[in-house]
Amino acid sequence: MSDKNKIITSTLWSMLNSLLLLIIFIIVALVLYIPLSTYINEWGSSKYTQKELAELTAERLSEYKSSNEVVDGIHVATGMVYDKNFNTVKATCTSCHSSKLIIQNRATRDGWKDMIVWMQETQGLPELGKLEPIVLDYLAKHYAPEKIGRRAKLEIVEWYNLESD
């Protein structure tokens, strides 16, 4: 093989190698582009105008403020009594269930402890550790059994006789 043929062959192999690398690059780019196309297409383009973004931010800020509002000692968003341990109880309990479940129940400290043990044994509640006494104190203080009867005591009643035949 002459030197001229060797140069041509070498050049052809070099071009073929470059073409093969280009094809591999294009295939890899397509494989990556397909699942990421949504994000790539939205990149650099805003969905909102400045005015819409400002309105959305104000709305979210308003929702956040109202979610932390306390009126007459009651946290408005949850309906639970607000005190120094409220945030601990809210974080511990309402991450799994509604605050309404707490409010509708009444129990002694031992009763609340039994409910926590039941949730740990059957519902996957992890050990509360140092938080348990805080939660139990809060629940026993604010959601203890009410000491009222079935109805209020009758105070002033005007009795009258029914006539019977």
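**Terms and values**

Author: The largest pocket has a volume of about 310 Å³. The model is predicted, with local features requiring pLDDT of at least 70 and side-chain atom pairs counting only at pLDDT 80 or more, while totals for chains, interfaces and linings use all residues. Residues are numbered from 1 along each chain as its sequence is written, and side-chain values use heavy atoms, with hydrogens and water left out.

Reader: What makes a set of points a pocket?

Author: On a 1 Å grid over the protein atoms alone, a pocket is an open set with protein on both sides within 12 Å along at least five of seven lines, and lining residues have an atom within 4 Å of a point. For the largest pocket, 17 residues form the lining, and Cys-93, His-97, Leu-101, Met-115 and Met-119 lie nearest its centre. Helix H5 gives the most to this lining, with 5 residues; helices are DSSP runs (H or I) of at least four residues, numbered from the N terminus.

Reader: How many residues of each class does the lining of the largest pocket have?

Author: The lining has 13 nonpolar, 4 polar and no charged residues. In this classification Ala, Val, Leu, Ile, Met, Phe, Trp, Tyr, Cys and Pro count as nonpolar, Asp, Glu, Lys and Arg as charged, and the others, Gly among them, as polar.

Reader: Why is the contact between Glu-132 and Lys-113 called a salt bridge?

Author: The term requires a side-chain nitrogen of Lys or Arg within 4 Å of a carboxyl oxygen of Asp or Glu. The closest N and O atoms of Glu-132 and Lys-113 are 2.5 Å apart, so the pair meets the criterion. This pair links distant parts of the chain, with Glu-132 in helix H6 and Lys-113 in helix H5, 19 residues apart.

Technical notes. On a 1 Å grid over the protein atoms alone, a cavity is a set of points where a 1.4 Å probe fits but cannot get out, and a pocket is an open set with protein on both sides within 12 Å along at least five of seven lines; lining residues have an atom within 4 Å of a point. Grid points are joined across faces, edges and corners, and a volume is the space filled by probe spheres set on the points. Helices (H or I, at least four residues) and strands (E, at least two) are DSSP runs, numbered from the N terminus.
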